[in-house]
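Here are my notes on the model you sent over. Have it open while you read, and go through the points in order.

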Amino acid sequence: MNVETFTPGAPVIREATPAPLDAAALTVLNLPMHDPRVRPLLDELAVEYDSRYGDLFGRGAAAAELNRYPASEFEGPDGALLVVQENGNSIAGGAFRHYEPGTAEFKRIWTHSAHRRRGLARLVLAELEALAARRGYTRVYLTTGPRQPEAKYLYLTSGYEPQFDLNEDPEVVKSLAFIKDLPAPRLS
């Protein structure tokens, strides 16, 4: 389905309406970093980071950021890397690692550019929070960059407390930090 956007005096823009999520078609996998199903996440993150931050942090800084932590930090029992697949394709994901006692640090939260605005980032966040709580974490720490307003909005509307002045220019703040206390895990 396409939506037409019309502004008087401007050409008509047809935007694709995102397909609604079909929970039956989704699978959440906990994978090691070297699994080939993780590759789309890392490849697109590198492109995204370079396109948004190349002039701020320098070209190639994305690769340095993505390789800053050893893969073992995103493995159990202290870490995890989740990939959401739809009909066998990796379309979203995220990871966490041990940050400090009781606190997990969320990293690499990503939705494939062709699948945005479908609620996948919220799904990834909820899956990461639930797994972190089951692993004994009581708090989450995360950061996002100044040129990711959609991520900032996601965290603010998902109960995360900003650790910076919301009125400050994000380009001055540079790293937008958030925290959230996790509820106790539900016993099945």
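1. A quick word on terms: helices (H or I, at least four residues) and strands (E, at least two) are DSSP runs, numbered from the N terminus. Bear in mind that this is a predicted model, where local features need pLDDT of at least 70 and side-chain atom pairs count only at pLDDT 80 or more, while totals for chains, interfaces and linings use all residues. Residues are numbered from 1 along each chain as its sequence is written, and side-chain values use heavy atoms, with hydrogens and water left out.

2. The overall layout. The protein chain has five helices and nine strands, and from the N terminus on they run β-β-β-α-α-β-β-β-α-β-α-β-α-β. Of its 188 residues, 41% are buried (buried is under 20% relative accessible area, exposed over 50%, partly exposed in between, with a 1.4 Å probe and protein chains only). Take the contacts (heavy atoms within 4.5 Å) between residues at least 6 apart in sequence: 59% of them join residues at least 24 apart. The chain exposes about 10600 Å², with carbon and sulfur atoms supplying 53% of that; accessible areas come from the Shrake-Rupley method with a 1.4 Å probe, and for residues only the protein chains shown count as cover.

3. A nonpolar core here is a set of buried Ala, Val, Leu, Ile, Met, Phe, Trp, Tyr and Cys residues joined through side-chain atoms within 4.5 Å. The largest one has 28 residues, and Phe96, Phe106, Tyr155 and Tyr160 have the most contacts inside it. Two or more residues each come from β4 (80-86), β5 (89-100), β6 (103-111), α3 (120-134), β7 (139-144), α4 (149-156) and β9 (176-181). Which element gives the largest share of this core? That is α3, with seven residues. There is also a second, separate core of 16 residues, with Val38, Leu45, Tyr49 and Leu81 among them.

4. Not counting residues up to four places away in sequence, Phe106 touches Ala95, Phe96, Leu125, Leu128, Glu129, Ala132, Val140, Tyr141, Leu142 and Tyr160.

5. Now α3 itself. The buried residues in this helix are Leu120, Val124, Leu125, Leu128, Glu129, Leu131, Ala132 and Ala133, and their cover includes β3 (26-30), β4, β5, β6, α4 and β9. The expected span of a helix is 1.5 Å times one less than its number of residues; for the 15 residues of α3 that gives 21 Å, and the end C-alpha atoms are 21 Å apart, so the two agree. After α3 comes Gly136, with a positive phi near 100°.

6. The pocket. On a 1 Å grid over the protein atoms alone, a pocket is an open set of points where a 1.4 Å probe fits, with protein on both sides within 12 Å along at least five of seven lines; lining residues have an atom within 4 Å of a point. The largest pocket holds about 1200 Å³ of space, a volume being the space filled by probe spheres set on the points. Its lining has 40 residues, and Ile109, Thr144, Gln148, Ala151 and Tyr155 are the closest to its centre. At least two lining residues each come from α1 (39-57), α2 (61-66), β6, α3, β7 and α4.

7. Buried or exposed: which is Tyr53? Tyr53 counts as buried because its relative accessibility is 7%. This residue sits in α1, and its C-alpha atom is 8.6 Å from that of Gly145, 92 residues apart along the chain.

8. Pro18, in the loop between β2 (13-16) and β3, is in contact with Arg116, Arg117 and Arg118, leaving aside neighbours within four places in sequence. Pro18 and Arg116 are 98 residues apart along the chain, yet their C-alpha atoms are separated by 7.2 Å. At 33% relative accessible area, Pro18 is partly exposed. Glu86, in strand β4, also contacts Arg118, along with Ala25, Leu26, Ile91 and His115, again leaving aside neighbours within four places. Glu86 counts as buried, at 13% relative accessibility.

9. Backbone details to check. The peptide bond from Gly76 to Pro77 is cis, with omega near 10°, and Pro77 lies in the loop between α2 and β4. Arg108, in strand β6, has a positive phi of about 60° although it is not a glycine; its relative accessible area is 6%, so Arg108 is buried. Arg117 also has a positive phi, near 70°, but lies in the loop between β6 and α3 and is exposed, with a relative accessible area of 78%.
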